[in-house]
Amino acid sequence: MTDQSSTATLSRDVPATPGPQASPGDVADEAPRTIHTTEDGAPGSAPQPLSVRPRSSSRDHRIDAMRGAALLMMFVDHIPQNLLNRLTMRNVGFADAAEIFVLLAGYASWLAYGRGFARNGVRDTLIRIARRCGKLYVAQTLMLLVSVFTIREWRRFSPVPVDFLEPELAHGVSDLWRVLLLDALPANLNILPLYMVLLGAFPLIYLLIRVNRFLALGLSAGLWLLINVDPTVNFPNWLDPDGWYFDPLAWQFLFVLGASAAIEAGRHGGDLPSYRWLKVAAALYLTFSLVEAFPWAQWGLPELRPFALPSPDKSTLAPLRLLDVMAIFYLVQSSSVARALSHSRLGQALALAGRHSLEIFTAGTVLDLFGRLVFTTFGAGWPLQIVVNGVGLGLLFLVAQFYERRRVRQRAAASGGGPAVEA
């Protein structure tokens with residue numbers, strides 16, 4: 001499919017017809033539920049939600065559901081002793097939940113801010129981006145302070161392994177300023193800074209896409225390729241001589257691919273174009289990825305990996321990881337079955353978590369810390385496995401319900417519709 005470089009292209013990439021205007025509180029990770037498209041991909045009118053019950057509309061919940069699944073997998077994966085992490089993405093393929101998170105951040109950023117530049121103006125959209133970055137920074141700082149305080153207090157009663165928090169932070173506060181300035185990124189608190197950088201760069205990405213979408217993709221791909229050839233090109237990290245764990249210069253490509261996918265899906269009623277040959281290729285690649293990445297020995301099974309490839313580098317977003325996440329995303333976003341499943345009870349539960357991704361991620365990170373401390377101190381037997389996972393996942397859904405109801409009340413009040421009807 002060709003993309004012509006001229007203003008004629010812009011009328012398709014950035015629809016001129018005004019869509020539903022997002023409130024200043026709307027953010028990138030909530031965009032898929034505020035942008036509604038007609039069959040030709042143009043923005044349509046959005047119904048005002050008055051209930052947290054699943055609606056019978058044709059609205060696409062796949063993005064929110066995928067993001068919710070990614071957030072719950074992050075919660076599970078970040079507790080190494082958690083037996084549930086044997087069932088998450090990282091054990092059935094090259095990529096993991098982090099790739100899904102960043103790809104969908106790019107997709108949602110285009111819906112919230114890319115369309116926002118044309119609809120709400122440059123000034124208002126830049127203010128919204130700055131506010132969102134501020135919220136991300138506050139969440140990052142909150143998680144850092146909770147981690148430092150909790151680990152220091154826990155050490156009064158029980159030993160805590162050094163890998164829970166870098167010694168420079170665990171035993172003093174003189175270097176805390178480095179973390180607050182993002183000059184030092186602790187190992188377990190490194191994805192929100194990546195998101196801040198990518199979102200801060202979004203206006204530049206938008207301008208490049210306005211010139212020519214494939215030019216933007218080409219430049220982004222070239223930078224990603226450079227980092228894979230020379231991984232030493234990275235942001236400095238005082239706590240790690242190798243730099244940021246998620247190298248923004250590499251991961252920006254996944255973010256830009258997400259934004260481009262949002263444009264393409266907007267031209268096809270929310271779906272990516274469905275090509276049988278591409279679906280077959282994606283399915284075959286994911287099968288290969290499964291066989292190569294599956295921990296056969298951990299399950300007591302014979303080794304079936306045909307090549308026994310080393311784990312692809314995550315910091316530079318190695319090609320095998322990139323292909324993996326893009327194959328998953330294409331199969332989901334080009335599938336009417338996946339759209340229907342997103343309306344099921346499970347799909348709606350995942351979408352509920354995905355609509356409040358920052359809150360869920362922040363709460364999940366704090367719960368991860370306590371889960372690791374509990375397992376390290378008291379053991380990781382079955383009773384504690386059930387308690388940690390049951391309590392953790394239950395609390396995350398309670399957080400999602402709380403913020404969903406608050407969102408409904410705020411939107412009902414803003415629309416003058418009176419008090420919201422809650423489930």
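Trainee: Where is Leu87 found?

Mentor: Leu87 is found in the loop between α2 (62–77) and α3 (97–120). Helices here are DSSP runs of H or I with at least four residues, strands are runs of E with at least two, and both are numbered from the N terminus. Before we go on, this is a predicted model, where local features need pLDDT of at least 70, side-chain atom pairs count only at pLDDT 80 or more, and totals for chains, interfaces and linings use all residues. Residues are numbered from 1 along each chain as its sequence is written, and side-chain values use heavy atoms, with hydrogens and water left out.

Trainee: Is Leu87 buried or exposed?

Mentor: Buried means under 20% relative accessible area, exposed over 50%, and partly exposed in between (1.4 Å probe, protein chains only). Leu87 has 58% relative accessibility, so it counts as exposed. Together with Leu84, Trp299 and Leu301, Leu87 forms a nonpolar surface patch with about 370 Å² of accessible area. Patch members have over 30% relative accessible area and no salt bridge; nonpolar side chains (Val, Leu, Ile, Met, Phe, Trp, Tyr) are joined within 5 Å, like charges within 9 Å. The areas come from the Shrake-Rupley method with a 1.4 Å probe, and for residues only the protein chains shown count as cover.

Trainee: Which residues touch the most other members of the largest nonpolar core?

Mentor: A nonpolar core is a set of buried Ala, Val, Leu, Ile, Met, Phe, Trp, Tyr and Cys residues joined through side-chain atoms within 4.5 Å. In this one, which has 93 residues, the answer is Trp251 and Phe329. Helix α3 gives the largest share of this core, 14 residues. Beyond its neighbours within four places in sequence, Phe329 is in contact (heavy atoms within 4.5 Å) with residues including Ile63, Leu103, Tyr107 and Leu272.

Trainee: How many residues of helix α7 are buried?

Mentor: In α7 (residues 191–200), 8 of the 10 residues are buried. Among them are Ile191, Tyr195 and Met196. Their cover includes α2, α3, α4 (122–154), α8, α10 (248–266) and α15 (357–378).

Trainee: How many aromatic pairs does the structure hold?

Mentor: Rings of Phe, Tyr and Trp (its six-membered ring) pair if their centres lie within 6.5 Å; planes under 30 degrees apart count as stacked, over 60 as edge-to-face and the rest as tilted. The structure holds 20 such pairs. For Trp224 and Phe253, the ring centres are 5.4 Å apart and the planes are at 35°, so this pair is tilted. Trp224 lies in helix α9 (residues 213–229) and Phe253 in helix α10, so the pair ties together parts 29 residues apart in sequence. By contrast, the rings of Tyr245 and Phe246 have centres 5.0 Å apart and planes at 80°, so they are edge-to-face.

Trainee: And which residue forms a salt bridge with Asp271?

Mentor: Side chains of opposite charge can pair when their charged atoms come close. The rule is a side-chain nitrogen of Lys or Arg within 4 Å of a carboxyl oxygen of Asp or Glu. The partner of Asp271 is Arg62, with the closest N and O atoms 2.3 Å apart. This pair links distant parts of the chain, with Arg62 in helix α2 and Asp271 in the loop between α10 and α11 (276–293), 209 residues apart. Arg62 also meets Asp60 in a salt bridge (2.7 Å, N to O), and both Arg62 and Asp60 are buried. Asp271, at 22% relative accessible area, is partly exposed.
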